[in-house]
Amino acid sequence: MTDRANPKPRVLVVDDAVTVRAYTRQVLEADGFRVDEAVNGIDGLEHALASTPDLLIVDINMQKMDGYTMLRRLRQEQTLRDVPAIMISTESKASDREKALLAGANWYFVKPVRPADLTAAARLLTGCEGRS
Amino acid sequence: MSALFEQFVLESRELLEAAGAALLRLERDPGDTIAVNDLFRALHTLKGATALFDMAPFTRMVHAGEDALMAVRDGRVAMTGELADRLLELLDTGAAWVDGLELSQSLPDDADARARAQEAGLRAALGGPVESADGGTPTGFAWVGELPEAERAKAAGRTVTAIAYDPAEDCFFAGDDPLDLCRRIPDLLLLRIESARAWPPLTNLDPYRCTLRFRALSGAPKDELTRLFRGVPDQVLLASVAIPALAAEPAPLAAPDSLATAMLREQARILGLPGSHDETAARRAAVLRAVRNILAAEGRNAEGAALELAAEGPTDALIRCIETLADGPAVVAPSAPAVPASQARRALRVDAERMDRLMALVAELVVAKGSLPYLARQAQEGHSADALAQGIKEAHGRIDSIVGELQDAVLRLRLLPLSRVFDPLTRLVRDTARRLGKPVELHLSGGETEADKDILDILGEPLLHLVRNGLDHGIEPPERRRAAGKPEVAALRVQAFQDSGGVVVEVSDDGAGIDAAAVRRKAVATGALTAEQAAALTEAEALRLIFLPGLSTSDSVSDLSGRGVGMDAVRGAVERAGGRVEVSSTPGVGTRFRLVLPLTMMVTRMVTVETAGALYGFPVTLVTGMQRIPHGAIRRMKHAESVVVQDAVVPLLRLRRLLNLPEDERERSGEAVLLVDLGGQPVALVVDALQERADVVLKPMTGLLARLRGYAGTAVLGDGRLLLALNLRELL
Amino acid sequence: MPIRFEEKTARFEGACTIDEAIPLTEWLCSVAEPRLDLGGCTALHTALLQVLLAAGRPVAVPPEDTFLKGWVMPVLGKR
């Protein structure tokens, strides 16, 4: 929901590729989001627990803890179980999408994601009215 | 150079270095699984990074390397020196490209050819054609990648089936007409007709020798085409290939509407995913929040109320609510031409007619109501009692008939076609069959059969489960079907029809059938039955054992049908709706499940209590309170007991005594008491324990039980326990 | 008769089968400037297509059939 007191929704980007994180940050910040980064599943869990973001954007294939595991763990936390989550991966098979949704994602994007799609999805899932 | 691009150059160098180091470790020790994983991960991350920029050859080349490593990791191929050479070459090429990118920000002109060469080299090193993962171009289909953009246009951005059809030279003698076969390719996106060799002068042409080659792309799934070309399996190659979107394609900004719609649909689908209670509860919470946000973002807050209402109800209702939201904003101008016909029909055609009838009846009711003030005035003016009685009787007659029709009209309003639960099956079967590699044809019939909305809500999940189960356990893999002399394409039938007073839905497959002996063994093994009991069962009774909790005949646990939790859930859901499930099966021939459901159901909310080990229910409308009362608060006068509740003396009754059950001898400090209102007469009823409320479908007592006084009916609870609904007034 | 052979024109009508392959070949060999009218052709056997491709003669009237018009005519036109 649009929160007047805190107009910038906070997005936590979890990806082990620094370029992808930088790209996502650039795209989202340009659209008025506040972006936080985490480098793997464990790091992502810690960040999420500490800050309770408004949206999660999670890569699947990561060191230490992958995106599926992270999301499953996160969904067990009372404060985080309903935080909307987008999973992003290079895999385009239907079964990958299914696995992501089963793990707790609300949406799945195949890399690369067009900036317009990413911001549109982020706006929808955080409840920000679009500019258009 | 943008900061992002700089970042990419830095990161890809690191990744290439890490990959190189891992590869060297791997070459020293081919069994080093950590090295394989490190290498794989480095390539995977690199692929993701390259995909951010417009450098398809780079992405493709890395993808090929990743595929090769996947094969190594899965033990499909061994890490050979040659393969290591190829991979090192690939890394070198990558490193050279990164250097070039830093300078010129573009890949060399020959990048595409180099990438292809690397792919080919890797494939050769893997020892022959490797089953390609989606996204790569499978062997024999290089032409797909080489198609000019104009020809690829229709298929761009889609996963399609590529067809390479080289008819045998003598195929005409077998009665084949290849061109005609190509004409029958569904969703034909591209057809190229080529000659295998140069044409001879017409006088030398042998018209009966087929020298044409066909290359095609179809939007239909591979299975469907396998079926089409089943007569010439040796002459055709089929492969699923993802056709990249055209570079020249004007990147259409995903209209926020369409993304919102897709997202809403996905949320509805997520709710239907299997999982443990905790998982589904968490998904539900996330979905609800996501849907609320999507509505807010779309400025559709007004529709939030419908969502919150549905959120209180069962999952099926919520799913349907979200699907409706996905169909578009609630207010659709009737003239809006953009609404697809099918959706418009679903929302308006049937319901509008029935709505009209309802409106007409309400109008009649208003007219009938008009006679009442007139009668009241007559009574005031002192008209004769007889005349008044006559007038009241007439008004009653009119209102009564209208109310009867209203009830019927409302009931019909709730009737919906079964196609609502059938429609999702097509996709489910297609996806599941593909995933399992079992060609299956789904035959749906009777989708126009109507049933009460609540029945549909209940039917949805069991139906999905039976269909999944049929695909997963019933239908054999194609090899086994072939060996058994069955058609390779299995048939799955779902049909519905109306029977005397009920709806019947049958799910049948022509698969392996259920092995009754195996079910018996399993029942004995799990301790559900003794060996003697199992042996004494008839075949039909043995089959019914699959509906017991925890009994699954398949030893393999798949991610589709779970661990045998399904069949008892199916039975539970159907029985809760007041219906029943039947199963019949012939080994080797197939299995048929039959769900018999009532046309409508009356849901009653009950307060449940436990007494002497059994569950009893009282309609919530009669119960005014529940409390624990200490023994000291109970007053005894001869045999009669009473208790003071809210300053009133209320008779205290004991359910055990009313039902002629033995007294409760257990040590306890007080009594659990249900306060019941019997038409103005409050009564306190002692029970063993108070339980939660439950919405149940009451079934009347049948047979000998029907004559028992005091019982209103029975119901099956969500967890399968039986509830006896009591009619307290009759018990007193 | 799916193909009517007139003096200079071969008219393809309806579903043209493999039975026409030899007559078509012979007619094409014997006529100096054959005129091909595929307007009424609804199906063309592969063998006939081969004959037409080998002959390399222009099609005077293209078929109205969507499949033939969309996928086969471009090949015939190339020759």
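Chain C of this predicted model has a mean pLDDT of 88, and 96% of its residues reach 70 or more. Among the elements of chain C, the lowest mean pLDDT, 84, belongs to helix 3 (residues 66–78), while the highest, 92, belongs to helix 2 (residues 46–55). For the model as a whole, the scores are ipTM 0.96 and pTM 0.35.

Chain C holds an open sheet of four strands, which follow the order 1-2-3-4 and pair in a mixed fashion. Strand 1 (3–5) and strand 4 (59–61) of chain C stand at the edges of this sheet with a single partner strand each, so that one side of each is left without a neighbour in the sheet. From one strand to the next, the twist averages 30 degrees. Strand 1 of chain C pairs with strand 2 (residues 9–16) of chain C in the antiparallel sense, over three bridges, and Arg4(C) is found opposite Arg11(C), a residue of strand 2 of chain C.

**Strand pairs in chain B**

Strand pairing is also seen in chain B, where strand 17 (648–654) takes part in two pairings, one with strand 16 (640–645) in the antiparallel sense and one with strand 19 (681–687) in the parallel sense. The strand pairs described here are set side by side in the table.

| Strand pair | Sense | Bridges | Residues opposite each other |
|---|---|---|---|
| Strands 1 and 2 of chain C | antiparallel | three | Arg4(C) and Arg11(C) |
| Strands 16 and 17 of chain B | antiparallel | five | Val643(B) and Val650(B) |
| Strands 17 and 19 of chain B | parallel | three | Arg654(B) and Val686(B) |

Strand 16 and strand 17 of chain B form a hairpin with two residues between the strands, and in this hairpin Gln646(B) takes a positive phi near 45 degrees.

**A helix pair in chain B**

Elsewhere in chain B, helix 3 (residues 56–73) and helix 4 (residues 81–104) pack at an angle of about 155 degrees, and their axes are 11 Å apart. Since an angle over 145 degrees counts as roughly antiparallel, helix 3 and helix 4 of chain B are therefore roughly antiparallel to each other. The crossing in which helix 3 of chain B passes helix 4 of chain B is left-handed. To this contact helix 3 of chain B brings Phe58(B), Met61(B), Val62(B), Gly65(B) and Ala68(B), whereas helix 4 of chain B brings Leu83(B), Leu87(B), Leu90(B), Thr93(B), Gly94(B) and Trp97(B). Sorted by class, the residues of the contact between helix 3 and helix 4 of chain B are eight nonpolar, three polar and no charged.

**Where the chains meet**

Between chain A and chain B, 45 residues of chain A are in contact with 44 residues of chain B. On the side of chain A that touches chain B, helix 1 (18–30), helix 4 (94–103) and helix 5 (115–126) of chain A each supply at least two residues, and helix 5 of chain A gives the most, with eight residues. That side of chain A comprises 20 nonpolar, 15 polar and ten charged residues.

Chain B also meets chain C, with 19 residues of chain B in contact with 21 residues of chain C. The elements giving two or more residues to the side of chain B that touches chain C are helix 8 (178–183) and strand 2 (188–195) of chain B, and helix 8 of chain B gives the most, with four residues. By class, this side of chain B has 13 nonpolar, three polar and three charged residues.

Note on methods:
Residues numbered from 1 in each chain as written. Chains lettered and ligands numbered in written order. Predicted model: local features only at pLDDT ≥ 70, side-chain atom pairs only at ≥ 80, totals over all residues. Contact = placed C-beta atoms within 7 Å. Nonpolar A, V, L, I, M, F, W, Y, C, P; charged D, E, K, R; others polar. Pairing = 2+ DSSP bridges. Axes fitted to C-alpha atoms, helices over the stretch in contact; angles between N-to-C directions. Parallel < 35°, antiparallel > 145°, perpendicular 65-115°, else oblique. Left-handed = near helix turned anticlockwise from the far one by under 90°. pLDDT = per-residue confidence, 0-100.
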